[in-house]
Amino acid sequence: HLGIGGGTIKELLIQVDYYKMFCPNLVFIQSGIVDCSPRALSKFEIEIINRIPLVSNQLKYLIRQNSKILRKVRNYTYTSKSDYKEAIHLFRTKFKDSNVFAIEIMPSSSEYEIKVPGITENITSYNSLLKECYGENVISLADFGPNEIISDFHHMNEIGNQKLFKRIKSIVDIYLGL
């Protein structure tokens with residue numbers, strides 16, 4: 001298991017060669033929300049602001065106050081659609097001797113769209129790229145609802161994790177012939 005909190009698909013790819021040496025039969029990848037979420041600033045811009053003495057906190061406050069507008073106007077994501085498409089294809093290619101399954105990005109809610117304008121459209125687009133690359137090997141989360149997601153709108157709660165576990169377990173059972 002590899003989990004990178006706040007990690008992008010590019011950061012997962014950095015680890016692929018290490019995990020590939022174990023010759024896994026099954027690989028499950030869940031990535032995309034960090035990649036596709038509209039951002040007010042790039043990681044580089046955040047780094048620069050963090051290094052500015054005295055005014056850093058004031059700038060952060062102003063950015064937080066105007067985050068929705070900045071996200072909408074800038075239409076910036078950590079990973080562009082074309083880069084995401086290339087990365088998920090590369091991920092699959094690197095595990096060419098394994099059965100690779102992609103887990104969709106959690107569906108958006110109206111509350112999440114209010115908090116992060118543009119997230120619904122981006123989730124739909126990036127999930128389409130997953131389906132295009134992985135075809136039948138995509139585990140759908142389209143039927144997940146508010147009772148399976150925590151208040152941040154993109155992490156599963158215990159109920160959601162159990163639901164996803166059952167889907168993954170059924171794939172593992174098929175593979176093991178159970």
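Predicted model: local features only at pLDDT ≥ 70, side-chain atom pairs only at ≥ 80, totals over all residues.
1. Residues are numbered from 1 along each chain as its sequence is written, and side-chain values use heavy atoms, with hydrogens and water left out.

2. Start with the largest nonpolar core, which has 28 residues. A nonpolar core is a set of buried Ala, Val, Leu, Ile, Met, Phe, Trp, Tyr and Cys residues joined through side-chain atoms within 4.5 Å. Buried means under 20% relative accessible area, exposed over 50%, and partly exposed in between (1.4 Å probe, protein chains only). Ile33, Ile88, Phe91 and Tyr134 have the most contacts inside this core.

3. Look next at Phe91. Not counting residues up to four places away in sequence, Phe91 touches Leu13, Val16, Val27, Ile29, Val100 and Tyr134. Contact here means heavy atoms within 4.5 Å.

4. A second, separate core has ten residues, including Phe101, Ile139, Leu164 and Ile171.

5. Now take Ser140. Is Ser140 buried, partly exposed or exposed? Its relative accessible area is 32%, so Ser140 is partly exposed. Leaving aside neighbours within four places in sequence, Ser140 is in contact with Glu104 and Arg167.

6. The side chains of Ser140 and Glu104 make a polar contact at 3.2 Å. A polar contact is a pair of N or O atoms within 3.5 Å; within protein, one must be able to donate a hydrogen and the other to accept it, and residues adjacent in sequence count only if both atoms are side-chain atoms.
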